[in-house]
Amino acid sequence: MKIAVLPGDGIGAEVTAEAVKVLERLARDGLAVEIEEAPIGGAGYDHAGDPLPEDTLRLAQAADAVLLGAVGGPQYEALPRPLRPEQGLLRIRKELKLFANLRPAKLYPELVSSSTLRPEVVMGLDLMIVRELTGDVYFGEPRAIHTNAGGEREGVNTMRYSESEIARVAHSGFRAAMKRRRHLCSVDKANVLETSELWRTVVTEIHREYPEVSLSHMYVDNAAMQLVRNPRQFDVILTGNIFGDILSDEASMLTGSIGMLPSASLDAAGKGMYEPIHGSAPDIAGRGIANPLATILSVAMMLRHTFSDVAAADRVERAVERVLAHGLRTADIYVEGTRRVATAEMGDAVVAALE
Ligand code: IPM
Ligand code: MG
């Protein structure tokens, strides 16, 4: 199996280095992996003048799976939009046709006091957001900042979903629900948006193929509220690109830290790109204090979804649980009475817990 590792910017390099340690440890036990690194995002721009250099895209296309760190940094913010780091990420998702983005939010009991919500609200939380990743207002045309007929500047983006785009991610959502508690909540804004009206219709049609799954619909504003009011009502949340972007950041905080949450972005064949849902965190980059667990847990998702190696995936997830149970914490999840460790120390501890 070939894995393309794209560390990206900021803390991306620090956290992917720890995840690679885990992969190398598994390789010593017989997991057949070949790892190659390439720049993306600001690093791609610095290296080749392009946030998604051609060589990087080719490597990712040839790989069985991609492990990505994070992209972005203040030094790139003034670049023209096509050259900004985020475009590298959006383009690789689009080029690899990674339309189904799985973002689980699970509370580790040891971290209950790191959540800003009361323990009785979040204890036992285990939900999954299935976010559509290659459509919506992120990619819809026309888009521009132009001068309108009235002579003033106007920003334009287009929210757009075709029936087939909705259907394929709906299947991903229902299949995810079938492997879990069999509840799917589809989130939209059908009271205002035509895009959402079609979304709701198509999801309801696809539901006929999954009679064991119970389907509900919720408006996105209500979903944002329900996530902090009573998040345990959710099993799988299925939603579009921009709503999923926003709700998944919100859901991450229920678990104590965005530094804990992995994600998988899958194409129709199950090929995937795996990345922590957190960003490049320029404010703490280079200090060796970032939490590598989201990236390490992304490796577990890779083992599960692309390599179908459930045993190895379980092994990595158990190692993370063990390290947390031993009281090791990076700064983002540190509370009194635990042991604060650096990024590399956390990675080493997970590797040791794999033995
Ligand atoms: C995410 C990020 C990206 C997105 C940005 C960096 C383009 O926020 O993966 O959630 O909006 O999809
Ligand atoms: Mg986001």
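Predicted model: local features only at pLDDT ≥ 70, side-chain atom pairs only at ≥ 80, totals over all residues.
Trainee: Where should I begin with the overall layout: into which domains is the chain divided?

Mentor: Domain 1 takes in 1-99 + 267-355, and domain 2 covers 121-237. Their C-alpha centres lie 26 Å apart. Six residues from domain 1 and nine residues from domain 2 make the contact.

Trainee: How much area do domain 1 and domain 2 bury between them?

Mentor: About 870 Å² is buried between domain 1 and domain 2, with 66% of it on carbon and sulfur atoms.

Trainee: Which residues in domain 1 lose the most area to domain 2?

Mentor: Look for Arg93, Lys94 and Phe99, which together account for 66% of what the domain 1 side buries.

Trainee: Now the helices, please. What describes two packed helices?

Mentor: The general idea is to give the angle between their axes and the distance between the axes.

Trainee: Which residues make the contact of α1 and α10?

Mentor: From α1 come Val15, Thr16, Glu18, Ala19, Val22, Leu23 and Leu26, while α10 supplies Thr295, Ile296, Val299 and Leu303. Sorted by class, the contact of α1 with α10 holds eight nonpolar, two polar and one charged residues.

Trainee: Let me move on to α6 and α7. At what angle do they pack?

Mentor: Helix α6 (residues 163-178) and helix α7 (residues 194-207) pack at about 50°, and their axes are 9 Å apart. That makes α6 and α7 oblique to each other, and α6 passes α7 in a right-handed crossing. On the α6 side you will find Glu163, Ile166, Ala167, Val169, Ala170, His171 and Phe174; they meet Leu198, Trp199, Val202, Val203, Ile206 and His207 in α7. The contact of α6 with α7 has ten nonpolar, two polar and one charged residues.

Trainee: And what is the angle between α11 and α12?

Mentor: Here the angle is about 120°, for helix α11 (residues 310-325) packed with helix α12 (residues 343-353), and the axes are 8 Å apart. The way α11 passes α12 is a right-handed crossing. Ala319, Val320, Arg322 and Val323 of α11 touch Met346, Ala349, Val350 and Ala353 of α12. Seven nonpolar residues and one charged residue make up the contact of α11 with α12, with no polar ones.

Trainee: Let me turn to the backbone. Which residues does a cis peptide bond join?

Mentor: Reading omega is the way in: the bond joining Glu141 and Pro142 is cis, with omega about 0°. You can find Pro142 in the loop between β5 (126-132) and β6 (144-147).

Trainee: Where is the place of Lys97?

Mentor: Lys97 belongs to the loop between α4 (85-95) and β4 (100-106).

Definitions and conventions. Residues numbered from 1 in each chain as written. Chains lettered and ligands numbered in written order. Heavy atoms only, no water. Contact = heavy atoms within 4.5 Å. Helix = DSSP H or I, 4+ residues; strand = E, 2+ residues; numbered from the N terminus. Nonpolar A, V, L, I, M, F, W, Y, C, P; charged D, E, K, R; others polar. Domains from an automatic or database assignment. Buried area = accessible area lost by both parts, 1.4 Å probe. Axes fitted to C-alpha atoms, helices over the stretch in contact; angles between N-to-C directions. Parallel < 35°, antiparallel > 145°, perpendicular 65-115°, else oblique. Left-handed = near helix turned anticlockwise from the far one by under 90°.
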